Amino acid sequence: PALLRSANFNRYSAGKWKNSEAYGFTDFLPIDEEPGGLDYYIFRSTEGAPDPPATLPVFDFRGAVESEAQLPLPGNTASIRGFALDGLRYNSLGTIRITPKNSIIRGTVAWQNTAQLEDPPMKEDGVIPYGENTTVRAIADELKLASLPTLEAKMHVISKWFSNEFTYTRYLTISRQRTRDEPSAISTFLTENRNGHCEYFATAASLLLRAADVPTRYAIGYVVREKDGDGYVVRGTHAHAWVRAWDAKTSTWIDFDPTPGNWLSMEPSHQSSLQWLSDAYLKIREDFGLWRTDPANRTGLGIGMAIIGALVLAFVGYRLWKSKKVVSSSAREFRDNVGPAIRTPLHELEPVAGRWLGPRPAGLPYSKWLLGLKPQLEEPAQLDEAIALHQHLRYDPASSDASVEPLKVLVERIQTHLKGRT
């Protein structure tokens, strides 16, 4: 299909298209599955019964979707099959809203039959707003639309007039209507500016056909033009607006795109030289998402996740074992390098010093703790000398036993003095 419709609107007012609900409420109505469990959602037919889907052309449809999204479909869609949905609803103007089970959907669409999900024309489908009425009817008379015998002839005249007299542009200079007496944007577009994007062409054509007694609706969706291998890719830049016109001869709504045909070439592609890589990544991600959510693959997915979990646990266990081994090796190396602690005669002073200073606090070096004895000594210099000899014996690789005897003498003198004071 050349056009995929997301929504229809039939009431134009104050520069905006809105819906006039035929049922008197805004809720969408559900579409039930086809009896027999074939997962087909069959749309209404002008002949009372839809054509068998097997006799119709079909195409596959896939892509990312949000919850309660509007599904873009051809206007003459007959049925859809294979979509994982929790629900499918429609309104009187043929807009389809789905509740998908997953963020990526895939299914098959049958189309090109007499199916008409939209209601026949209603009063709103022929109304021309006050702000555009005079201009639109004057141009319709100028183009002699009412006198043309067929809908095809009317659409042809409008398309030719737009192609010859108008220019497609993405940037508008048309001012919005501020008062009731000022010309509306569509009136300015038709008579003065004659530059606009697809919304202007679709709106103007819809109102011109209404002036020629043809019921119309305003459609939005996507144009299908970009070839991708055996199929097509639809991007956000392909968003488009066109007209749904009522063909009284066949009692069906048909698509009419009045925008000059070169509009796509004027839209920036926003595609870099690496677009193919981005598209390939998107396809891989969608393929994985579809495979992951396919009920037939649940067993394989469970086994795969179990294997991945086991591999992760094995890796974590190996890393913990490796870290523990490194820590143990470092501790053993440190222990081997430290060697045995060296005791000197100064350590014999600890018991008597403890009676004066109390227990040595944790982390306080032994020599600094002993300095607290100085106030109790007649010759504090003896303690300084003893500590110096003690440090020399413990930490100087070149120390000799010659320092031991002088240290012993000093320790005995200090001990004698402290005991005498006690």
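This report walks through the fold, salt bridges, helix packing and a few individual residues of the structure above.

The model is predicted, so a few ground rules apply: local features need pLDDT of at least 70, side-chain atom pairs count only at pLDDT 80 or more, and totals for chains, interfaces and linings use all residues. Residues are numbered from 1 along each chain as its sequence is written, and side-chain values use heavy atoms, with hydrogens and water left out.

## The chain as a whole

The protein chain holds eleven helices and 17 strands; helices (H or I, at least four residues) and strands (E, at least two) are DSSP runs, numbered from the N terminus. Of its 422 residues, 39% are buried. Here, buried means under 20% relative accessible area, exposed means over 50%, and partly exposed lies in between, with a 1.4 Å probe and protein chains only.

The accessible surface comes to about 24200 Å², and carbon and sulfur atoms supply 54% of that. These areas come from the Shrake-Rupley method with a 1.4 Å probe, and for residues only the protein chains shown count as cover. Among contacts in the chain with a separation of 6 or more, 69% join residues 24 or more positions apart; contact means heavy atoms within 4.5 Å.

## Salt bridges

Counting a side-chain nitrogen of Lys or Arg within 4 Å of a carboxyl oxygen of Asp or Glu as a salt bridge, the model has twelve salt bridges. Three of these pairs are set out here.

| Glutamate 118 | Arginine 217 | 3.5 Å |

Aspartate 86 lies in strand β8 (residues 85-90) and lysine 101 in the loop between β9 (96-100) and β10 (104-111), so the pair ties together parts that are 15 residues apart in sequence. Aspartate 86 is exposed, at 54% relative accessibility.

Glutamate 118 and arginine 217 also form a salt bridge. This pair links distant parts of the chain, 99 residues apart: glutamate 118 is in the loop between β10 and α1 (130-142), and arginine 217 is in strand β13 (residues 216-223). Glutamate 118 is buried at 4% relative accessible area, and arginine 217 is buried at 0% relative accessibility. Both residues belong to a network of salt bridges that links Arg5, Glu118, Asp125, Arg217, Arg244 and Asp255.

Aspartate 384 sits in helix α10 and lysine 374 in the loop between α9 (366-370) and α10, so parts ten residues apart in sequence are tied together. Aspartate 384 is partly exposed at 33% relative accessible area, and lysine 374 is partly exposed at 27% relative accessibility.

## Helices α10 and α11

How do helix α10 and helix α11 pack? Helix α10 (residues 380-395) and helix α11 (residues 404-421) meet at an angle of about 145°, with their axes 9 Å apart. Contributors to the contact include Leu383, Ala386, Leu389 and Leu393 of α10, and Leu407, Leu410 and Ile414 of α11. The axes are lines fitted to C-alpha atoms, for helices over the stretch in contact, and angles run from 0 to 180 degrees between N-to-C directions.

Glutamine 415 is also in helix α11, and it is buried at 17% relative accessibility. Not counting residues up to four places away in sequence, glutamine 415 touches Glu348, Leu349 and Val352.

## Residues worth a look

Is lysine 154 buried or exposed? Lysine 154, in helix α2 (residues 151-165), is buried at 7% relative accessibility. Leaving aside neighbours within four places in sequence, lysine 154 is in contact with Leu145, Leu148, Pro149, Leu209, Ala212 and Val214. Lysine 154 and leucine 208 are 54 residues apart in sequence and 9.4 Å apart in space, C-alpha to C-alpha.

Two residues other than glycine have a positive phi. Alanine 14 has phi near 55°; it is found in the loop between β2 (11-13) and β3 (16-18) and is exposed at 75% relative accessible area. Glutamate 68 has phi of about 60°; it is found in the loop between β5 (58-64) and β6 (69-70) and is partly exposed at 35% relative accessible area.
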